[in-house]
Amino acid sequence: MANVPGDLLYTAEHEYIRDLGNGIVEVGVTDYAQGELGDIVYLELPKVGTSLAQHDVFGTIEAVKAVSELFAPVGGEVTEINSRLDAEPAVVNTDPYGAGWMIRLKLSDPSHLDALLKPDAYSAQIG
């Protein structure tokens, strides 16, 4: 069973959002997603300052088994990327909710959070 922390919000595409306060959120892929992908070998992430609309593709994640697009769960401006993932993409496999976060965004519209899945709804989706 995949780990689904109770303090996060989720998308149907298996991204998570952690609210860091002051309109900043952290985005990554869920434990379920990294498990389905397998060993992650490469990530392409946006540059700091990139503006994203909700549901925009913000990068790609490449694993031994597949390449997938990453979708922005909310709209906003990229304020930080996790540069550790350039050298160590497998951190997403070992610690998706901690050191494996991908980007931080300044929310353009806090109401975007209302469209995300609560932990129980996400758990039900992944079975």
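Reply: Start with Thr30, which counts as buried because its relative accessibility is 0% (buried is under 20% relative accessible area, exposed over 50%, partly exposed in between; 1.4 Å probe, protein chains only). This is a predicted model: local features need pLDDT of at least 70, side-chain atom pairs count only at pLDDT 80 or more, and totals for chains, interfaces and linings use all residues. Residues are numbered from 1 along each chain as its sequence is written, and side-chain values use heavy atoms, with hydrogens and water left out.

Me: Where is Thr30 found?

Reply: In the loop between β3 (24-29) and α1 (31-37). Helices (H or I, at least four residues) and strands (E, at least two) are DSSP runs, numbered from the N terminus.

Me: Which side chain does Thr30 join in a polar contact?

Reply: That of Tyr122, at 2.8 Å. A polar contact is a pair of N or O atoms within 3.5 Å; within protein, one must be able to donate a hydrogen and the other to accept it, and residues adjacent in sequence count only if both atoms are side-chain atoms.

Me: What else does Thr30 touch, beyond four places in sequence?

Reply: Its contacts (heavy atoms within 4.5 Å) include Tyr10, His14 and Pro96.

Me: On to rings. How many aromatic pairs are there?

Reply: The count is 2. Rings of Phe, Tyr and Trp (its six-membered ring) pair if their centres lie within 6.5 Å; planes under 30 degrees apart count as stacked, over 60 as edge-to-face and the rest as tilted. Tyr10 and Tyr122 form a stacked pair, 4.7 Å centre to centre with 10° between the planes. Tyr10 sits in strand β1 (residues 9-10) and Tyr122 in helix α4 (residues 119-126), 112 residues apart.

Me: Is Tyr10 buried or exposed? And Tyr122?

Reply: Tyr10 is buried, because its relative accessibility is 0%. Tyr122 is buried too, also at 0%.

Me: New topic. What order do the strands of the open sheet take?

Reply: The order is β4-β6-β7, 3 strands with antiparallel pairing. Two strands pair if DSSP finds at least two bridges between them. The edge strands are β4 (40-44) and β7 (67-71), each pairing on one side only.

Me: How many bridges join β4 to β6?

Reply: There are 4, and β6 covers residues 57-63. Ile40 stands opposite Ala63 in β6.
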